[in-house]
There are 2 protein chains.
Amino acid sequence: MTPSLLALWDEQPEGNVRQRLHEVLRQSIIRMTLAPGQALSEKEIADTFTVSRQPVREAFIRLSEAGLVEVRPQRGTYVVPISHAAVMEARFVREALEVAVARSAAEQGLDASVLDELHDLIARQKRCIDSDAHDRFYRLDEDFHRTLALGAGHDAAWRVTQEVKAQLDRVRYLSVPDTTPIAKLIDQHGAILAGVAAGDADAAERAVKAHLREILRSLPDLIARFPELFDIASTRPTLSAAQGVTA
Amino acid sequence: MTPSLLALWDEQPEGNVRQRLHEVLRQSIIRMTLAPGQALSEKEIADTFTVSRQPVREAFIRLSEAGLVEVRPQRGTYVVPISHAAVMEARFVREALEVAVARSAAEQGLDASVLDELHDLIARQKRCIDSDAHDRFYRLDEDFHRTLALGAGHDAAWRVTQEVKAQLDRVRYLSVPDTTPIAKLIDQHGAILAGVAAGDADAAERAVKAHLREILRSLPDLIARFPELFDIASTRPTLSAAQGVTA
DNA sequence: CTTGTATAACTAGTATGGTAGTTGGGTTGG
DNA sequence: CCAACCCAACTACCATACTAGTTATACAAG
């Protein structure tokens with residue numbers, strides 16, 4: 001584990017130790033380098049990166065807010081198992097946001113430069129079909145969704161999307177390279193862009209929904225194939241669950 | 001400032017110092033006890049609550065992620081001004097989520113107990129109309145939206161909604177008690193509930209949108225009345241803005 | 001009076017120390 | 001053999017110390 005963590009560490013240029021650590025750990029959890037259920041020790045991580053425990057702790061807190069780790073006081077910090085319920089909820093939130101973004105983009109129109117960039121991204125994605133460049137495709141996939149959101153001026157929506165997407169990316173990483181073929185995903189990107197470019201909000205919405213529902217096709221199969229990575233319970237016990245109502 | 005902060009502190013029962021501090025500061029910012037632009041000193045806050053700087057710092061980090069404060073390294077931490085763009089974006093995200101939640105609730109149906117609770121909440125809201133119990137109404141308002149979201153099983157959506165709602169609540173707190181009369185808001189709650197209960201997703205969506213667009217009516221007036229609380233620039237300079245695209 | 005510089009007083013970021021609590025394993029009494 | 005207990009080795013949380021960077025001010029040089 002250590003070597004690949006350190007590799008990510010070196011390629012994180014931005015800013016302070018906390019942010020770099022957060023990004024390294026986040027990526028490692030998404031990529032399953034840190035497996036669900038694994039215990040993360042403040043001290044061990046701190047020693048690995050030759051930093052103090054404090055920024056590690058702060059990174060843990062942020063990860064726990066994204067639902068990627070669970071901090072149990074005086075016990076330990078653990079990578080949370082993939083939860084079916086959490087994935088479904090993340091997908092729900094993401095669909096709500098991206099549908100709204102696509103509709104907004106279709107209705108208000110996008111700058112020509114943004115449309116060009118989106119077309120360009122799809123073209124570059126197509127070059128990944130045969131070359132088995134999955135990692136490259138995934139980055140371009142994220143670029144497509146981000147460019148659309150930011151191009152429509154909805155950067156808060158994108159920020160939230162990015163947070164919940166972590167839950168989904170963990171699943172997507174499992175389904176490499178089978179399940180849904182890349183070509184199909186690229187076609188769906190094309191459909192989204194076509195709807196947006198044509199100013200047809202309804203078509204854009206349908207395209208986004210079709211795209212984001214692909215994960216539903218692969219999920220049951222993945223749970224069957226990797227049961228040890230998933231939470232057995234259908235509903236995950238969340239600390240931030242329903243609270244009492246004002247008396 | 002100090003006394004009212006400490007009052008909030010004492011009524012935060014839950015858990016650790018960091019969470020209590022976060023909630024106290026968050027509420028204080030929403031309620032304008034901590035005014036936009038005000039500098040927050042780690043040391044000063046720590047001394048006020050007789051805790052160390054560390055949990056204060058961690059609370060600041062969380063607040064900065066919600067866009068309520070800005071941490072400028074080696075400089076200071078400041079309550080961010082209300083930004084027109086940030087409010088519009090928060091409203092956009094909230095509408096996207098709550099529309100999706102309401103549609104989901106209408107389509108899948110809610111338990112009778114949840115419907116009862118929603119009706120009860122509306123009834124209790126009506127009792128606030130004449131008594132000028134604005135604070136009480138606002139709590140019941142939040143209860144209504146939370147109960148709907150959690151009742152439909154979308155607690156992740158609610159968690160995100162709650163985060164972005166802070167930006168909107170700051171504005172709403174300014175508009176007490178004029179602008180939109182409480183009675184109108186309660187009617188809108190009733191319309192949402194009616195749509196959901198009838199299983200009419202389209203009606204529920206229309207009702208949610210009408211409800212959440214009330215803020216748009218009051219915002220220009222508030223900017224004119226309290227220009228010193230708002231960011232002058234139309235677009236706020238966000239650190240997490242657009243990044244380059246994969247080369 | 002203006003300007004450049006040194007400096008003192010702040011800041012956040014990081015490191016380290018201390019405390020209370022949990023856990024698991026070994027030991028002791030039955 | 002088994003149960004109860006104890007203790008050592010962890011944990012996260014909080015407090016404190018230290019570092020590095022920013023800013024405003026005072027002061028000296030022109």
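Author: The largest nonpolar core has 82 residues, and those with the most contacts inside it are V93(A), A102(A), A157(A), V93(B), A102(B) and A157(B). A nonpolar core is here a set of buried Ala, Val, Leu, Ile, Met, Phe, Trp, Tyr and Cys residues joined through C-beta atoms within 7 Å. A residue is buried if 20 or more other C-beta atoms lie within 10 Å of its own, exposed if 12 or fewer, and partly exposed in between, with C-beta atoms placed from the backbone. This is a predicted model, in which local features need pLDDT of at least 70 and side-chain atom pairs count only at pLDDT 80 or more, whereas totals for chains, interfaces and linings use all residues. Residues are numbered from 1 along each chain as its sequence is written, and chains are lettered from A and ligands numbered from 1 in the order in which they are written.

Leaving aside neighbours within four places in sequence, A102(B) is in contact (C-beta atoms, placed from the backbone, within 7 Å) with L148(B), I192(B), V196(B), A204(B), E205(B) and V208(B). A second, separate core of 16 residues includes I30(B), L34(B), V56(B) and L68(B).

The domain assignment, automatic or from a database, divides chain A into domain 1 (2-79) and domain 2 (84-229). The C-alpha centres of domain 1 and domain 2 of chain A lie 26 Å apart. Nine residues from domain 1 of chain A and eight residues from domain 2 of chain A make up the contact. On the side of domain 1 of chain A that touches domain 2 of chain A there are six nonpolar, one polar and two charged residues. In this classification Ala, Val, Leu, Ile, Met, Phe, Trp, Tyr, Cys and Pro count as nonpolar, Asp, Glu, Lys and Arg as charged, and the others, Gly among them, as polar.

In chain A, three strands form an open antiparallel sheet in the order 1-3-2. Its edge strands, each pairing on one side only, are strand 1 (39-40) and strand 2 (69-72) of chain A. Helices (H or I, at least four residues) and strands (E, at least two) are DSSP runs numbered from the N terminus, and two strands pair if DSSP finds at least two bridges between them. Four bridges join strand 2 of chain A to strand 3 of chain A, and V69(A) has V79(A) as its bridge partner in strand 3 of chain A. In chain B, four bridges likewise join the antiparallel strand 2 (residues 69-72) and strand 3, with V69(B) standing opposite V79(B). Strand 2 and strand 3 of chain B form a hairpin with three residues between them, and Q74(B) in the turn has a positive phi of about 60°.

As for the DNA, 21 residues surround DNA strand D, the closest being S41(A), T77(A), N16(B), V17(B) and S52(B); a residue is near a strand if its C-beta atom, placed from the backbone, lies within 6 Å of it. The surface near DNA strand D divides into five nonpolar, nine polar and seven charged residues. Of the 20 residues around DNA strand C, N16(A), V17(A), S52(A), S41(B) and E42(B) come nearest. Helix 4 of chain A supplies three residues, the largest share of the surface near DNA strand C.

Lastly, R225(B) lies in helix 12 (residues 214-225) of chain B. R225(B) counts as exposed because it has 11 C-beta neighbours inside 10 Å.

How values were computed: Contact = placed C-beta atoms within 7 Å.
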